[in-house]
Amino acid sequence: MEDVMKKIKIYSIAMGSIAQELGIDAGDFLLKINNEEIGDVFDYRFLTADENIIVEIEKANGEIIEYEIEKDEYEDLGLEFENDLIEDARTCSNNCIFCFIDQLPKNMRQSLYFKDDDSRLSFLTGNYVTLTNITDEQLKKIIKYKLSPINISVHAVNPKIRVKMLRNKNAADIVEKIQRLTDAGIEVNCQIVLCHGINDRQELDNTIGTLGNLYPKVKSVSIVPVGLTEHRNTLYPLEKFNNELASEVIKQVKNWQHLFLETKGSRISYLADEFYILANMDIPAYEEYEDFPQIENGVGLIAAFEREVEDFLEDVDEGYFNNFSDTISIATGVSAYETIYTVTSELENKCAGLKIKVYPVINKFFGDLVTVTGLITGQDIIKQLKDKPLGSRLLICRSMLRANTEVFLDDYTVDDIEKSLNIKVQIVENIGEDFVKKALNKNGDGRC
Ligand code: SF4
């Protein structure tokens with residue numbers, strides 16, 4: 001049977017781009033580049049990188065035109081596609097015993113139940129992938145196109161344990177796959193979702209030790225506690241890390257950090273902030289996170305936030321806090337309450353006219369075992385802050401909202417909160433400087 005050529009519909013054309021200059025239009029189809037078909041976004045990027053390329057386009061009327069293009073190396077053509085990956089994201093082939101998506105309440109927006117596991121998304125947006133659904137050809141493509149770094153959910157290097165956790169027989173060979181990538185020069189960040197009684201203790205030692213030995217190509221290993229909602233009655237029984245278990249993990253990882261620092265010059269392994277909160281222990285010093293390789297994963301967020309506030313307060317000039325008077329409130333997750341309370345107290349000391357009320361919002365939507373700020377929903381904020389004194393503005397954290405939107409996970413919007421609580425809401429980026437500025441309602445940076 002004859003192969004059908006893949007035609008990629010062009011969704012839009014960037015203003016002032018090469019494509020616009022050539023008269024390529026939205027609705028045209030991209031057929032080939034340098035006589036090669038384009039499978040996905042990485043083929044596209046790779047093939048368009050050269051200075052001289054031939055692009056084959058099918059116009060909406062069926063006419064096929066070949067454009068010979070001379071441009072700068074890596075200069076973008078300005079073709080935009082409906083799907084950033086060009087083809088659909090690969091779905092996950094696992095059935096992990098700890099999967100957070102399986103623990104979501106029913107009747108949420110359908111897209112939230114989508115389980116992706118696509119190495120291209122790891123490169124493009126930092127998603128963690130398990131590599132259980134990757135073909136040999138796709139692995140070769142990562143190597144050929146030098147897609148680095150790749151973020152990998154390892155969980156355990158012991159094949160039996162990993163197969164048990166991911167409930168997928170293809171999960172066994174993760175060390176070989178990582179080795180293949182690192183041997184080819186691909187940098188890798190690894191994640192371990194720690195489940196008590198499954199991959200902790202000896203298994204954790206085994207996993208950290210094995211991955212640490214692949215440093216520096218395995219750049220970092222984060223350990224995050226399993227997240228448990230109250231919607232998991234029929235799912236695999238898992239236990240939340242309590243104070244004692246969290247303290248044990250901290251001690252264990254500290255030993256690895258010392259050893260790695262001495263023998264390899266980096267701590268390599270880092271714990272999510274949540275472990276220190278669970279253990280009621282101080283967050284490590286800022287320097288102990290080195291270059292914060294996994295901050296997006298909740299590793300070192302508190303240390304970075306506190307340092308940013310401190311630096312900003314040191315940098316601003318004396319008059320920054322003068323003539324300011326306001327009473328405001330902040331909604332935060334239970335686990336970040338202590339940090340936010342401490343930082344706001346410092347701010348109040350600096351600025352006599354500022355009064356801040358910090359409200360920890362209990363997560364009724366997912367269950368009160370979920371304490372992180374990023375999973376607070378709009379309805380919990382409304383229910384719990386109704387009738388509370390809020391002052392003139394309510395500050396919330398950007399991490400509560402879906403990327404590039406003002407919509408919470410439960411589909412409530414910032415606008416819903418403003419209307420229900422009759423308050424102006426300000427969104428604070430996860431950066432200390434922005435926090436101080438929003439608290440003081442300032443736009444300029446006020447530095448000396
Ligand atoms: S890899 Fe596991 S945790 Fe991630 S979406 Fe798939 S089943 Fe869920």
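Biologist: How many bridges join β11 to β12?

Modeller: Bear in mind that this is a predicted model. β11 covers residues 326–333, and β12 takes in residues 354–361. The two strands run parallel, and in β12 Val 361 is the bridge partner of Gly 333. The bridges joining β11 to β12 number eight.

Biologist: Which hand does the β-α-β unit of β11, α11 and β12 have?

Modeller: The helix in this unit is α11, residues 337–350. Together with β11 and β12, α11 makes a β-α-β unit, and that unit is right-handed.

Biologist: In β13, which residue is the bridge partner of Ile 328?

Modeller: β13 spans residues 393–397 and runs parallel to β11. Three bridges join that pair of strands. For Ile 328, the partner in β13 is Arg 393.

Biologist: How many of the eight residues of β11 are buried?

Modeller: To count as buried, a residue needs under 20% relative accessible area. β11 is mostly covered, and its buried residues number seven.

Biologist: Moving to the open sheet, which strands stand at the edges?

Modeller: The sheet has four strands in the order β7-β8-β9-β10, with parallel pairing. An edge strand here has a single partner strand, so one side of it is left without a neighbour in the sheet. That applies to residues 150–153 and 269–271, which are β7 and β10.

Biologist: What does the twist average from one strand to the next?

Modeller: We're still on the open sheet with the order β7-β8-β9-β10. From one strand to the next, its twist averages 20°.

Biologist: What angle does the direction of α8 make with that of β10?

Modeller: α8, residues 243–264, packs on the sheet. This helix touches β8, β9 and β10. Its direction and that of β10 make an angle of about 150°.

Biologist: How many residues around the ligand are charged?

Modeller: The ligand is surrounded by Cys 92, Asn 94, Cys 96, Cys 99, Lys 115 and Thr 130. That shell divides into three nonpolar residues, two polar ones and, for the charged class, one.

How values were computed. Residues numbered from 1 in each chain as written. Predicted model: local features only at pLDDT ≥ 70, side-chain atom pairs only at ≥ 80, totals over all residues. Heavy atoms only, no water. Buried < 20%, exposed > 50% of the residue type's maximum accessible area, 1.4 Å probe, protein only. Pairing = 2+ DSSP bridges. Right-handed = clockwise from strand over helix to strand, strands pointing away. Axes fitted to C-alpha atoms, helices over the stretch in contact; angles between N-to-C directions. Contact = heavy atoms within 4.5 Å. Near = heavy atom within 4 Å. Nonpolar A, V, L, I, M, F, W, Y, C, P; charged D, E, K, R; others polar.
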